[in-house]
Amino acid sequence: MQFSITSMSLVQQIRQAGIEAVKALYNQDIQPDQLTVNETKPEFDGDYTIVMFSLTKFTRQKPEESGKTVGDWLTGHHPDIFKKYNVVKGFLNLSISDPYYVSFLQSSLTKNTVPQVNGKKVMVEFASPNTNKPLHLGHLRNIFLGAAISNILEANGYEVIKANLVNDRGIHICKSMVAWLHYGNDVTPESSGIKGDHLVGDYYVKFNDVYKKQMEELIHSGKSKEEAEKEASILKEAQEMLLKWEQDDQETRKLWAKMNGWVYKGFEETYRRMGVSFDKMYYESETYLLGKEIVEEGLKKDIFFKKPDGSVWIDLTKEGLDEKLLLRADGTSVYMTQDLGTAQLKYDDYHIDQSIYVIGDEQNYHMKVLKLILQKLGKPYADGIEHLSYGMVELPGGRMKSREGTVVDADDLMDEMIQTAAKHTEELGKVKDFSGEELEKLYEVLGMGATKFYLLRVNPKRKMVFNPEESIDFHGFTGPFVQYTYARIRSILRKEEIQTNRPISHALLPLEKAIIIQSEKYEQALSAACIEMDPSIIANYAFETAQIFNSFYTEYSVINAESDEKKSLRLQLCHATAMAISDSMGLLGITAPERM
RNA sequence: GGUCCGGUAGCUCAGCUGGAUAGAGCAUCAGCCUUCUAAGCUGAGGGUCAUGCGUUCGAAUCGCAUCCGGAUCACCA
């Protein structure tokens, strides 16, 4: 059987050949997952290793013997792929032929990189901010994750709809509104020069200050803490305002629309700087009443039940969960009611095959229940619901606490990272010929690259520590390191023309081979990142690619290579690496600069 | 208490569909810029993979138990 170079990864091809060998030699049919193929450890001779231990039941030979037998067969029947082999204990170490590597490299350079569409439509919901305060570090992780996974899905052939469900109503925004009415003196973003989301956030803080003071006074006058919490007049005002809002009081609605408008303008500016955009905005003020029909439906189907007080529940004790409230006794919605409705709305709007929610892991239980309920209702979209759950971002001192003022503001952080990028760039002085505009652009690319990489390099489900000192380090496992590698390559490629198909007959050096193997692993990383919903796989891949290239770069010269042939080969290696880096960084929403 | 997630080098993290002597980055120490960008490279030290038992030719990886940390189990969102 001839292998098509573009359709299978090297490992897959080796595995396939191994299966063939077992069939031919032992007349046994084995499945791909029964054959372990690893990269050979550097201390042994070879490139890839087939582990023979698990095959003893098929070969009825000692691993060492069957290793030899299979090794002979492979080198005999596929001399184009397998150059030689050796067997150590039960490990069959295979050396891949250099021409085979070179053909891999050259075909990858001319390959068309447009993803093959798979016809599936997926919605990714992320960001989902409240409108009472500006975005913070936690939102950054959420948004970068959402944007990255959207890119990854697209690169895997999905049609992606990026959605943002804005929590624009509720008691929290009323708090900002009340405080602004009392203490704002009609201040606006324009009159104060303060970004809209920050201005509204300031009044949310003001509300809490006043609330706290009023509570203290009440406690001082003899009330209990619980009483004080409920009776503080400013809280009552906020509650009244929420009520008025729900009764569609025009004045309240006007103020609400005005202040939310400020916030949206501020958010848009932040999104723009992050380089993210959304295809669809949902607003809770428009969706919070949805879901009641679904509750009716569930009652009719006897999947939900009504308690004597009129409240509606679902019993999930058989599934090992609890009873879950779906509608209050007074007929008003709870969070879950809305989410049921929104899930339906998303499906009605786009007929999506999958719906991914980028939400923190504190809502794991909620998301599990949401999916389960929709499954029980037999909704066609239920199985497609996926929770991309991520852990909290903590500071070295522990969790961010607004009361202690340790919340890291998104805008501030991005500013700092960009300033740091500027500082480093100036110190190094490599781009002194850049115009002011070009410099601004570069600082932004580097600062944002550092920030995104720092937040995306960790497996999402893990909670992570944001160390401010570490994050502004641009060395090592960082975005700028990878970006720098790209700039180095581009510097070479600007100087030399590249021929993509020049025949290469000389033996590959280990580092040359390593580059080909690494660039060949891109597809694997891309698909793993999609399946696992984990952009950190891509970040790690990009870093390893850069690492390998830098070792090669210091060891060998490209432009002054030993021969024209080597020069040609190395230019191709540069090109392949540049593509792997810019593609993988692109998936993370990071630009790789031409120079830095 | 139930459920879920995590515990790998001083710190931050990879590795987890079982494979050879467990890897990076930071930090520490020692080297490398008259040659393609030193935001780089090379090397050294640093580990009871939380603990115990089990499955296996083989366990950081799988199973059970225990300990530690976190989240969640609201007529909150």
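# Chain A, a first look

Trainee: Why does 58% make Asp 29 exposed?
Mentor: Because the relative accessible area of Asp 29 is 58%, and exposed means over 50%.

Trainee: What does Asp 29 form a salt bridge with?
Mentor: Its partner is Lys 23, and the closest N and O atoms of the two are 3.5 Å apart. Lys 23 is partly exposed, at 37% relative accessibility.

Trainee: Why would two such side chains pair at all?
Mentor: Side chains of opposite charge can pair when their charged atoms come close.

Trainee: How many salt bridges are there?
Mentor: The count is 25. One of them joins the side chains of Lys 567 and Glu 496, at 3.3 Å from N to O. That pair links distant parts of the chain, 71 residues apart: Lys 567 belongs to helix H23, while Glu 496 sits in the loop between helix H19 (479–495) and H20. Glu 496 is partly exposed, at 22% relative accessibility.

Trainee: And what about Glu 562, which side chain does that one meet?
Mentor: Glu 562 meets Arg 570 in a salt bridge, 2.8 Å from N to O.

Trainee: Which of those two is buried and which is exposed?
Mentor: Glu 562 is exposed, with a relative accessibility of 57%. Arg 570 is buried, at 0%. There is also a network made by salt bridges that share partners, and its members are Lys 195, Asp 197, Arg 273, Asp 411 and Asp 415.

Trainee: Let me step back. How many helices and strands does chain A have?
Mentor: Chain A has 23 helices and 14 strands. Its C-alpha atoms fill a box of roughly 90 × 65 × 40 Å along the principal axes.

Trainee: What share of the residues is buried?
Mentor: Of the 596 residues in chain A, 52% count as buried. As for contacts between residues at least 6 apart in sequence, 73% join residues at least 24 apart.

Trainee: What pLDDT does chain A average?
Mentor: The average is 92, and 99% of the residues score at least 70. The predictor also gives an ipTM of 0.95 and a pTM of 0.95.

Trainee: Where does pLDDT stay under 50?
Mentor: Over residues 1–6, for which the model has 17 contacts beyond four places in sequence. Where pLDDT is low, the predicted coordinates should not be read in detail.

Trainee: Back to the helices. At what angle do H20 and H23 cross?
Mentor: At roughly 30°, with the axes of H20 (residues 510–520) and H23 (residues 564–587) coming within 10 Å. The crossing is left-handed.

Trainee: Which residues make that contact?
Mentor: From H20 they are Glu 512, Ile 515, Ile 516 and Ser 519, and from H23 they are Lys 566, Leu 569, Arg 570, Leu 573, Ala 576 and Thr 577. By class that gives five nonpolar, two polar and three charged residues.

Trainee: Take Thr 577 from that list. Buried or exposed?
Mentor: Thr 577 is buried, because its relative accessible area is 2% and the limit is under 20%. This residue is part of helix H23. Beyond neighbours within four places in sequence, Thr 577 contacts Ile 489, Ile 515, Thr 545 and Phe 549.

Trainee: There is also Thr 69. Which helix holds that one?
Mentor: Thr 69 lies in helix H3, residues 63–77, and is partly exposed at 25% relative accessibility. Setting aside neighbours within four places, Thr 69 is in contact with Leu 25, Tyr 26 and Gln 61. The C-alpha atom of Thr 69 is 65 Å from that of Val 295, which is 226 residues away along the chain.

Trainee: Last topic, backbone angles. What is phi of Asn 185?
Mentor: Phi of Asn 185 is near 50°, a positive value in a residue other than glycine. Asn 185 is in the loop between helix H6 (171–183) and helix H7 (189–192). With 71% relative accessibility, Asn 185 is exposed.

Trainee: And phi of Asp 186?
Mentor: Near 60°, also positive in a residue other than glycine. Asp 186 is in the loop between H6 and H7 and is exposed, at 60% relative accessibility.

Terms used: Residues numbered from 1 in each chain as written. Chains lettered and ligands numbered in written order. Predicted model: local features only at pLDDT ≥ 70, side-chain atom pairs only at ≥ 80, totals over all residues. Heavy atoms only, no water. Axes fitted to C-alpha atoms, helices over the stretch in contact; angles between N-to-C directions. Helix = DSSP H or I, 4+ residues; strand = E, 2+ residues; numbered from the N terminus. Left-handed = near helix turned anticlockwise from the far one by under 90°. Contact = heavy atoms within 4.5 Å. Nonpolar A, V, L, I, M, F, W, Y, C, P; charged D, E, K, R; others polar. pLDDT = per-residue confidence, 0-100. Salt bridge = Lys/Arg side-chain N within 4 Å of Asp/Glu carboxyl O. Buried < 20%, exposed > 50% of the residue type's maximum accessible area, 1.4 Å probe, protein only.
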